[in-house]
Amino acid sequence: MIKKRMIKDMVINNRSQIKQMIGIIAAFGIIAAVFEIIFAKKIIYSLLGLLIGCLLAVYMLVYMNMILEKSMGFEAKAVERYIVKHSVIRYFSIVIVFGAVCITNIADPIACFIGLIGLKVSAYLQPVVSRLIDKRKSL
């Protein structure tokens, strides 16, 4: 009973972190969009690439979270197989979309990659943002 309660608390806390990370990805996308509007020659082309990249970052984040939540009840060996299998699926889907962007030339692949980097930015900034939010709540 205690273990189930701990898992439930972790999932609830994790969901607030996911919301913060999605917000950081969006903020990163907006900041990158401003730079693209200022410096890019093909604004729509670049902004579409950035949008696709940011959406891919959110997809990766939500998919990873979903897989981790589902794997909480598995045994150790089953968890490892499950996570590896879904990591391959996640990366393969990213490669497919990124490849489609490159082949079809519908959007800027570099901007798409920059949007995808938003996931890394959000992972590094989320603890800082969380502390700032907690500080603000305590005031």
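## Helices and model

A helix here is a DSSP run of H or I at least four residues long, and helices are numbered from the N terminus. The structure is a predicted model.

Three aromatic pairs occur in the structure. In one of them, the ring centres of Phe35 and Phe39 are 6.3 Å apart and the planes meet at 10°, so this pair is stacked. The cut-off for stacking is under 30 degrees between planes.

Both Phe35 and Phe39 belong to helix α1, which covers residues 2–39. They sit four residues apart, or about one turn of the helix. Phe35 has a relative accessible area of 48%, so it counts as partly exposed. Phe39 has 63% relative accessibility and is therefore exposed. The boundary between these two classes lies at 50%.

## An edge-to-face pair

Phe74 and Tyr82 also form an aromatic pair. Their centres are 4.9 Å apart. Their planes stand at 80°, and the pair is edge-to-face.

How exposed is each partner? Phe74 is partly exposed, at 37% relative accessible area. Tyr82 is buried, at 16%. Buried means under 20%, and that cut-off is why Tyr82 falls in this class.

## How α2 meets α4

Two packed helices are described by the angle and the distance between their axes. Helix α2 spans residues 43–70, and helix α4 spans residues 109–138. Their axes lie 6 Å apart, at an angle of about 30°. Angles under 35 degrees count as roughly parallel, so α2 and α4 are roughly parallel to each other. The crossing of α2 and α4 is right-handed.

Which residues make the contact? From α2, they include Tyr45, Gly49, Ile52, Gly53, Leu56, Met60 and Met64. From α4, they include Pro109, Cys112, Ile114, Gly115 and Leu119. Of the residues in this contact, 15 are nonpolar and four are polar. No charged residue takes part.

Most residues other than glycine have a negative phi. Asn105 has a positive phi, near 60°. Where does Asn105 lie? Asn105 is in the loop between α3, which covers 76–104, and α4. Its relative accessible area is 47%, so Asn105 is partly exposed.

Technical notes
Residues are numbered from 1 along each chain as its sequence is written. This is a predicted model: local features need pLDDT of at least 70, side-chain atom pairs count only at pLDDT 80 or more; totals for chains, interfaces and linings use all residues. Side-chain values use heavy atoms; hydrogens and water are left out. Axes are lines fitted to C-alpha atoms, for helices over the stretch in contact, and angles run from 0 to 180 degrees between N-to-C directions. Helices (H or I, at least four residues) and strands (E, at least two) are DSSP runs, numbered from the N terminus. Angles under 35 degrees count as roughly parallel, over 145 as roughly antiparallel, 65 to 115 as roughly perpendicular and the rest as oblique. A crossing is left-handed if the near helix is turned anticlockwise from the far one by less than a right angle, and right-handed if clockwise. Contact means heavy atoms within 4.5 Å. Ala, Val, Leu, Ile, Met, Phe, Trp, Tyr, Cys and Pro count as nonpolar, Asp, Glu, Lys and Arg as charged, and the others, Gly among them, as polar. Rings of Phe, Tyr and Trp (its six-membered ring) pair if their centres lie within 6.5 Å; planes under 30 degrees apart count as stacked, over 60 as edge-to-face and the rest as tilted. Buried means under 20% relative accessible area, exposed over 50%, partly exposed in between (1.4 Å probe, protein chains only).
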